[in-house]
There are 2 protein chains.
Amino acid sequence: MPTKLSQLKQDFTEGLSQISRFWGLPKGMGAIFAVLYLSPTPLSLDEVVTQTGLTKGAVSTEVRTLARMGLVHRSSKLGDRKDYYEAESDFYKSIRSILKERQNSEFDRAVRSVKETLDLLEAGSVSGDEAEVAFVHERIKALQEFFNAIDNLASAVIKLESLGFGNVTKILSVLK
Amino acid sequence: MPTKLSQLKQDFTEGLSQISRFWGLPKGMGAIFAVLYLSPTPLSLDEVVTQTGLTKGAVSTEVRTLARMGLVHRSSKLGDRKDYYEAESDFYKSIRSILKERQNSEFDRAVRSVKETLDLLEAGSVSGDEAEVAFVHERIKALQEFFNAIDNLASAVIKLESLGFGNVTKILSVLK
DNA sequence: TACTGTGTTTAGTAACTACTAAACGTTCTA
DNA sequence: TAGAACGTTTAGTAGTTACTAAACACAGTA
């Protein structure tokens, strides 16, 4: 017997919820995105509420952070007071805005603090056992370089028009 | 006045803790790694305890998951009952084992479930409004391709001997 | 003006997580 | 065999998080 479309949508939503949770995001966020992503037309807040089983409040707040991440877009129709939401289907765009968003986060502050620690060492203004200072210097420098590499890789990905097959195989060919 | 080495270590540990927390990992895990990473010699569990301020229990369990991720290594000296731990300093190796670890996780199960959903659609065994089924099919296919691209990119990174400057600039040059 | 249909904010809660303290199990030593 | 030196496990806890329920604000309409 064939699977019902509604059932399939529900399974898919379930799956995205788990993926969402895995990355430390609220699972409701994954569910909301899934529902919007599979909808041919933009949905109102109440439609999202009924299709996800969440409350208005939850959807209201989480849809806002989704919008800030560039994963959904909010729009409105003339002569209709409702807001409508639709999923961004160009994942490349989403990645770009997510990475940009992260730029000003706690994460970057911490990374910068490592950089400052390194600067102190480079300036030679750290007192203590000479050999150990040298060792610590080397280690922190290595970590800093690793951070830079990650950062460059992220920039590379951002530069891509898409993560389509062609681009990735190009990358692979270089690395071979 | 010069900064004391011990102070510098403490700041660094603080920083790694925050980074750790940012990625959804226990902050204690970051602290433990930091302490080991800056130590010229392997440390015993008790030494880690005093330097991190955590309890034996916490260090015992978290050091184990760090070891499973390949970020620290446990060793022992002959004629000494203590275990000793040291940080892996080749981050490329660590990344590889982390990604490998993830392979068997909840995340991959969820990704596979998306694949199965797609298979159902490809087989044409989904009932419902024809146009909508087609739409959903297209969307899920796009998502699946995105997952594949990410996966390929991860493979590419794994293949790298290191994420050093040379490799990344090579990648960037291809993408230009 | 009251009323209705919106989205937002707030207070509270259930579940989870990262820990602590302490009991426990082992292995070595006296 | 007792005891000490380890690492592990377990029970409990403080803090956090993702939510719910409901009050709220605001605009359009009768």
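**Rings, strands and cut-offs in a predicted model**

Colleague: Why does A:F22 count as partly exposed?
Modeller: In this predicted model, the relative accessibility of A:F22 is 33%, and because buried means under 20% and exposed over 50% relative accessible area (1.4 Å probe, protein chains only), with partly exposed in between, A:F22 is called partly exposed. The residue belongs to helix α1 of chain A, residues 5-22, where helices (H or I, at least four residues) and strands (E, at least two) are DSSP runs numbered from the N terminus.

Colleague: Which conventions lie behind these values?
Modeller: Residues are numbered from 1 along each chain as its sequence is written, with chains lettered from A and ligands numbered from 1 in the order in which they are written. Local features need pLDDT of at least 70 and side-chain atom pairs count only at pLDDT 80 or more, while totals for chains, interfaces and linings use all residues; side-chain values use heavy atoms, leaving out hydrogens and water.

Colleague: What sits over the ring of A:Y37?
Modeller: The charged end of B:R139, at 5.1 Å from the ring centre; the rule asks for NZ of Lys or CZ of Arg within 6 Å of the centre and within 35 degrees of the ring normal. A:R139 likewise lies over the face of B:Y37, at 5.1 Å from the ring centre.

Colleague: How do you know that β2 (residues 43-44) and β4 (residues 83-87) of chain A pair?
Modeller: They share 2 antiparallel bridges, and since pairing requires DSSP to find at least two, they qualify. A:S44 is partnered by A:Y84, and A:L43 stands opposite A:Y85. Strand β3 (residues 72-76) of chain A pairs with β4(A) over 5 antiparallel bridges.

Colleague: Why is one side of β2 and of β3 of chain A left without a neighbour in the sheet?
Modeller: The open sheet of 3 strands has the order β2-β4-β3 in chain A; β2 and β3 stand at its edges, each with a single partner strand, so one side of each has no neighbour there.
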